[in-house]
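Student: I am new to this structure and would like to go through it slowly. Could you show it to me first and then take my questions?

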Amino acid sequence: MRYPAVAIGAAGLVAWPWAAPPYFVFLASLVVVNAIVAIGLNLLSGYTNQLSFGHAGFLAVGAYTAAIVATRWPGVPVVVALLTAALGAALVGLLLGVPCLRLEGLYLAMATLAFGFVVVEAIVNLEWLTRGNDGLRVPTARLGPWALATDTARYYLAVLVGAAMVWAALNLVRTRTGRALLAIRESEIAAQASGVHLAKYKTLAFVISALYTGVAGGLFAFVVGFLSPDAFDVFLSVDFVAMIIVGGLGSVPGSVAGAAVLTVLNDSLAGFQNYRPLLFGALLIASMLFMPGGIASAVRRLKGG
Amino acid sequence: MTTAALVHVVVSGLATGSIYALMAISLVIIFNATRTLNFAQGEMLMVSTFVGFTVYARAKVPLVVVMLVAVVAAALLGWVIERVLIRHAIASTPFDVLIITLGLSLVLRSAAGLTWTHDEFPFPSFFGDRPITLGPVRLVPVSLGIIGASLGLMWGLWALFTHTRLGRAMRAVAQNQRAARLMGISVERVYSASWVLASVVGALAGVLIAPVIFLSSKMGLVAINGFIAAVLGGFGSMPGAVVGGMLLGVIENLAPLYLPSSIKHSVPFLVLIAILLIRPGGVLGRPARRKV
Amino acid sequence: MRSRWALLPVALAVLAAAPARAEQGVTDAEVVLGCSNSFSGPLAFSGEQATKFGVDLYVRAVNDAGGVLGRKVRTVYYDDGYKPQEAVANTKKLVEQDGVFAIIAPQGTPPVLATLEYLEANKVPLLFPFQGSPITRARRYVFGGMTLYDRQSRMMIEYLVGQRKYRKLAALYQDDEYGKSFRAAFEKDLGRHGLKLVAAESVKRGVTDVSAPIAKLHAARPEVLFLVLTPGPGAQALRERQKIGWTEAVMVSSGPLTDERYLALAADAAEGVEGLSLWPDPLASDLPGVRLYRERMKRYFPGNEPNRYSLSGYFAAMLFAEGAKRAGRSLTREGLVVALEGIRDFESGILPPVTIGRDHETQKQGFWVRVEKRRFTPLTDWLKSE
């Protein structure tokens, strides 16, 4: 492991709120949220080839779980809220993942797409729980005596959680589970032949992916401070897919890079008003034409050649 | 609810369903050739319809001419997109192509908004809104017209796929590209033809549905229902696309009649999930079995 | 880990100790306004019209005449595509990066609601948001920009039940915050007369087929059907009614729906439709303010048709300019709030005299219209809701 590089990176993350203008602290928190989703989605899509167009649904489950926990039990530590969000999303992931085992490729993509719509409909209709279309205000995150009331405080929360999630993802690859996932990525048939329990590990990938997205959802709730069903539409799910493809399938650093690039790009284009989708779309197309395989494979090519 | 009302709602659902079916067919045509979902299908439909509309607004030409203009615009658009964007990326993974079509959908919608504004426009129709009474039921020409025209178009496509060289080449490519190439089929030409054909089918669907849902930069969203229809019927199968589309249109209309409002909007998605779980291959599709 | 947290209070102290500047967004030469709005997504049309052809139309006219007390007005807009999280990001960017003086004319309840707490906490005035949920009431820095939905409902029910004596009313509404707010308000106001909605059906945003809800509503045989929709589905509902030959009920459109685009889409199916109009007819009204608006539109944006969205943005900028003028040359946010609260009987030439006062609601009125020969014809004078 390249410790100096990690140390420099960590120092940069710690120093960021002092070095950057206030707005960019908030933006960095959004980058972290999206990076965690991208890692989660990549563990599913990049390793077990299960493409999901429903991750905005998991994000919503995580976000609403955390917000509801923090509202019902004021003063609950943010860690508990995030863990509940993670477990809630993981449970939903299990419920969706088991039946989805029978599906692959396009069919899975469509089932997850439908899942995303169903989650939004559920939020709209469970008014007693989610306040429906009126939207839900998220209370300030608390950590023991501290209220994380500033963008800087929330940024540090996001970075700490994000770092833990990245570390876990990088290490997951080295565990038995990780090796099984890698084997599935290379060839499902070969993996099965060498004793990998395909159903078990594919379900596990689904659950882990949902868990990651649930954590990100919890962070999203506290960082943004307001939730409504409009936030979690199908286009958000598609954005997540774009992040991992632009970043590079099957690569943890690629997921982070893809999330960072697309989040910052999307944000910086907001000032172009009606030209924004045009420019964003054109850049997506260009990146795929000139950088097939995404950022990760471009970096690999640069290193190799 | 009277029988007449029920019949009307079902027929209306079949009309909307025909449009979903045409969208599903377009998606399947491209999928069979390029092995990717085309996220921009709805936006291609929208742009072609807008081009037709512009000619109509400027010159008040008959609707048949408007339709022809839309079809030509669609053919050109499909051809250019395939040649300029898709063919380059086709060598890399299908995921790259997916993102390209996604980017394209954003570009087309935004460009349409810049050119024609994001306003909604009334679009001329071949068929009237005034109901005709036939015994106990009342039928609306516009619904019947959409259903009839769509069925006609589907029949034309069936003829194309079964009775022409190009159609047979397309089916061969859909089954096995390498084998098709070895048989002497120009796979590249099939790619081009597929994009052009899908785009043209979309444009016709656009001209048919624009009078009902109005012409606007967001009308391309109807493609989402096309996706669902295609999967309901079994992706890759043309008859499946037709059945899936009709089924979805009718379900969408019957659910609000009989179900409480809290779940009625989820019904199409719940049906989709249920069908995927019971018959993963869709209503008419073959269950996907992988051979080792 | 602990040391990072220990640094936090230091950082906060540094931020808090920043020297008190002259008011943010105001210099001798200019004042900066901005908003996050929909330039893409479902409300892209109204978003663009309200800002770039509405607020900016008045701003250009004012700047060409020397500005507000010598200050030119500059506007900054960001696209949020109707997503609350992007509205939050954009609003923070406006306040923290662009240093705007106030937020003017953002659109849509979810995006506006998402930024409300932040703006209140930072004491940034939120001027005339284009949304009708009562949630913006009773906030020091927020001034309403539309006759709120509960007031609209009250006026509609009082007029229809009180004056016209209808007893059986039903509603077709959009399945979102806008539609549900109206539905709840209808139920409440009907309750005062001992009535209930005889039927209520919802449709999704961007619906393709409205035949089923219309059939269900038709079966309930109401005398009045409220339409709480956007122009596309609203026009679809009117055409669907025509298809099934449903002529008995009076169709009544909500304030936001009562506009010319919906008429154009519905064509002859709109004949006889009634509604609560929140604005005078932007294309035909002879009111001096509306005529001036049309002249300016022709001068500055000749390609753009007048409509209610740009008129509302234009009016918002006019009201801001009036407040800023009253606040005087030493413009501050507090000063603007006080000045706006002090507005009495301001003649805009567009709406009846505007009095704002402590409740911060700039608009509380509408008038009844009926569609005759494809135009809205007024049936009443301005109805007030106090």
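**Reading a predicted model**

Tutor: This is a predicted model, and a place to begin is helix H8 of chain A, whose buried residues pack against helix H2 (22-48), helix H9 (188-193) and helix H10 (198-224) of chain A.

Student: Which residues of H8 in chain A are called buried, and what makes a residue buried?

Tutor: A residue is buried if 20 or more other C-beta atoms lie within 10 Å of its own, and in helix H8 (residues 176-186) of chain A this holds for A:Ala180, A:Leu181, A:Ala183 and A:Ile184.

Student: Why are they said to line one face of the helix?

Tutor: Looking down the axis of H8(A), one finds its buried residues within an arc of 160°, and therefore they line one face. An α-helix has 3.6 residues a turn, so residues three or four places apart point the same way.

Student: How do you know whether chain B agrees with a compact globule?

Tutor: For 292 residues the globule rule gives a radius of gyration near 19 Å, and because chain B has 19 Å, the two agree. Of these 292 residues, 56% count as buried.

Student: What makes chain B touch chain A, and which element gives the most?

Tutor: Residues are in contact if their C-beta atoms lie within 7 Å, and by that test 35 residues of chain B are in contact with 33 residues of chain A. On the side of chain B that touches chain A, H4(B) gives the most, with 14 residues, and the residues of that side divide into 25 nonpolar, eight polar and two charged.

Methods:
Residues numbered from 1 in each chain as written. Chains lettered and ligands numbered in written order. Predicted model: local features only at pLDDT ≥ 70, side-chain atom pairs only at ≥ 80, totals over all residues. Contact = placed C-beta atoms within 7 Å. Helix = DSSP H or I, 4+ residues; strand = E, 2+ residues; numbered from the N terminus. Nonpolar A, V, L, I, M, F, W, Y, C, P; charged D, E, K, R; others polar. Buried ≥ 20, exposed ≤ 12 C-beta atoms within 10 Å, placed from the backbone. Arc of directions from axis to C-beta. Rg over C-alpha atoms; globule rule 2.2 N^0.38 Å.
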